[in-house]
Amino acid sequence: MKHTLSVLVDNEPGVLARIAGLFSRRGFNIDSLAVGRTEDSKYSRMTIVVDGETHSLEQVMKQLHKLVNVLKINDLDPRETVGRELVLIKVNAPPATRAQIIEIVDIFRANIVDVAKNTLTIEVTGDTNKVHAIEEMLRPYGVKELARTGKIALARGLKSE
Amino acid sequence: MKLTGAEALIKSLEKEGVEVIFGYPGGAVLPIYDVLYDSKIRHILVRHEQCAAHAADGYARVTGKVGVCMATSGPGATNLVTGIANAQLDSIPMVAFTGQVATHMIGTDGFQEADITGITLPIVKHNYLVKDAKDLPQIVREAFYIASSGRPGPVLIDIPADVSKAQCVYRESAQLNLAGYKPTIKGHARQIKQAAKAICQAERPLIVGGGGILRSRAWDELQKLVRLTRIPITTTLMGKSAYPETDDLYIGMPGMHGTRCANYALTECDLLVAIGMRFDDRVTGKLSVFAPEALVVHIDIDPAEISKNIKARIPIVGDAKAVLKQLLVAVEKEKLEGTKDIEAWREQINNWKKKYPLIYKKDGKLRPEFVVEKTCEITKGKAIIATEVGQNQMWAAQFYKCTKPGSFVSSGGLGTMGFGLPASIGAQVGKPDEVVIDIAGDGSVQMVSQELATAVASKLPINIFILNNGYLGMVRQWQELFYHCRYSSTDLAVGTPDFVKLAEAYGAKGIRVTKKSEVESAIKEAIKSPKTVVVDFVVEREENVFPMVPSGVSISEMIGGEIE
């Protein structure tokens, strides 16, 4: 089962290596990992998507907690979380299919960020399902290159006081 | 006040109360060694950096203080790695210092450059690369705190040469504020109460003490708990010496080479109170059939150990000493409500104990078990015993009945051959007035025999008792039992030095014992001598350690060690 971990860490050199190393040592494959500074520049937030059974994930979270540079870990509940990722897709777009591609981009509310003679580069933001869907739609046209940020996520705010 | 980085470092170490550093100099730590020359901190010059870490480890185990070791950059630093890993697996408080190439050279494959913070990431509790000399006091403070608090462990500080040389304004370390590091000390009150209730209601309870008892110096509290409840107790290899082994309720060590009594008791108990231990595979054997009937109370300071291998019904995260204190109060209270009679269980255990004592053949031959037994008898179980790894270690664990807490120094988790000699050097430095004996094997001791020079030069009267069988005995035992006696690369007979001559070459005293009748006088002579002594006990070559739990089966399925 996929889990999205939100890990608050010291914004210091080497912290990423400590965390990534721990996952590989304990036999965990990281699906995606996105990291950046938080509202407080002393800290970074890592959003790590992993696949694993709950018991061994619990062990990894406990081990993560032991790292001096790790302040907080949340195993985010998918129902109570907003998650987004950003993907850039460079797709073949000769005149014959270009109009169709633009139509798909519109439907997904994606953006075209680069236009060239034979390609279009498309920027998509959304949850994992949406990103996956547009990728599948564009695949038949010939995806030349693709880059994705990995998911970033936050727990939803409280709806009532 | 302006100081160099090296001066700030040594001043910080003096402030931490460091009395001794085990180390080996080199280019990148020259500025530090220059300051050390005038410091009141003692430096023990080892002959290989690995032994600096092991010596610091041995020192920490017997004193309860943080052990400190130091090496230069590159190979000096990488040579520390085994010693650091050893300290990590046995949860020993240690701070290791390494020199590093100058900051502008880092990442250029400079001379004697090794990324030691990268290399040690998986085997330290924490590590630092110092970028600015003025950070040193704060980093040292943090390192000592992290190494010695919570579940102890090694912390490495890597100091580039230019940082040691740089001038900085010395500012004493400020209040520690480690937002990501807050060990839990006291146990949860409700869990403690539940544990107390379980203890009073069990019919077949058993206590297992581990290394955590020794690390938190909780042996008095442990004894009180045993006395209060009269529950039988076993201690793991790491917990050995936490409880007086001559006591009636003590049933020996559990696990692979444990006593039959301890392993049967674990298999049949209905309550297991595990304190400061982590259910290592050498203790549990096949996990799925370990303590099948037991409700497990697991007390450990490291939350990651709770339910890692064995599911804990009543987990208590906290320091062993603090939790035991709480538990004693709770059990006293709970006892008023009445307790189950466990007399039948104690009798059962006594029967096992009587029926399956640790045995060996008592004939005219010089057997290693006899040497250990005699050593125990002569020292009344009160010497500090370091061991190497292998058969020597298991015989020491089986036949030396410790009666003094914190006196057994052995590499449990990593199983590092060559640990005992340097560890006994560290132990003797930490406890100059006590008898320190390294129970060694001829294989292990040859990994570190150069440290005889360290012992002699530092005038340490350590005793190295080599149980010399001319084999890598434990590996040979496995080859005998599971590989059809095919002794592949385990015969050391050819090439093993004359240990008496070797000792003498280093300026130590050498004694050779080939007969049973010579054992007692040799041990007495060694202990009495003010010199470093090597006793070469030429023992029966193919003696095996029994009982033994083969790998992959329940600990109740032991082989050997039964009275015929």
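This is a predicted model: local features need pLDDT of at least 70, side-chain atom pairs count only at pLDDT 80 or more; totals for chains, interfaces and linings use all residues.
Where in chain B is H257(B) found?

**Close-up 1. H257(B) sits in a loop of chain B.** The loop in question runs between strand 10 (233–235) and helix 11 (260–268). With a relative accessible area of 4%, H257(B) counts as buried, because that value falls under 20%.

**Close-up 2. Here are the neighbours of H257(B).** Leaving aside residues up to four places away in sequence, H257(B) touches M394(B), Q398(B), M474(B), Q477(B), V545(B), P547(B) and M548(B). For P547(B), look for the backbone oxygen, which lies 3.1 Å from a polar atom of the H257(B) side chain.

Close-up 3. The domain assignment of chain B places domain 1 at 2–169, domain 2 at 189–355 and domain 3 at 368–538. Between the C-alpha centres of domain 1 and domain 2 of chain B there are 37 Å. Their contact draws on 11 residues from domain 1 and 7 residues from domain 2.

**Close-up 4. A salt bridge links R151(B) with D302(B).** The closest N and O atoms of this pair are 2.8 Å apart. Between domain 1 and domain 2 of chain B, the count is 2 salt bridges, and 2 residue pairs are in polar contact, both residues at pLDDT 80 or more. By class, the side of domain 1 that touches domain 2 has 4 nonpolar, 4 polar and 3 charged residues.

Notes. Residues are numbered from 1 along each chain as its sequence is written. Chains are lettered from A and ligands numbered from 1 in the order in which they are written. Side-chain values use heavy atoms; hydrogens and water are left out. Domain bounds come from an automatic or database domain assignment. Contact means heavy atoms within 4.5 Å. A salt bridge is a side-chain nitrogen of Lys or Arg within 4 Å of a carboxyl oxygen of Asp or Glu. A polar contact is a pair of N or O atoms within 3.5 Å; within protein, one must be able to donate a hydrogen and the other to accept it, and residues adjacent in sequence count only if both atoms are side-chain atoms. Ala, Val, Leu, Ile, Met, Phe, Trp, Tyr, Cys and Pro count as nonpolar, Asp, Glu, Lys and Arg as charged, and the others, Gly among them, as polar. Helices (H or I, at least four residues) and strands (E, at least two) are DSSP runs, numbered from the N terminus. Buried means under 20% relative accessible area, exposed over 50%, partly exposed in between (1.4 Å probe, protein chains only).
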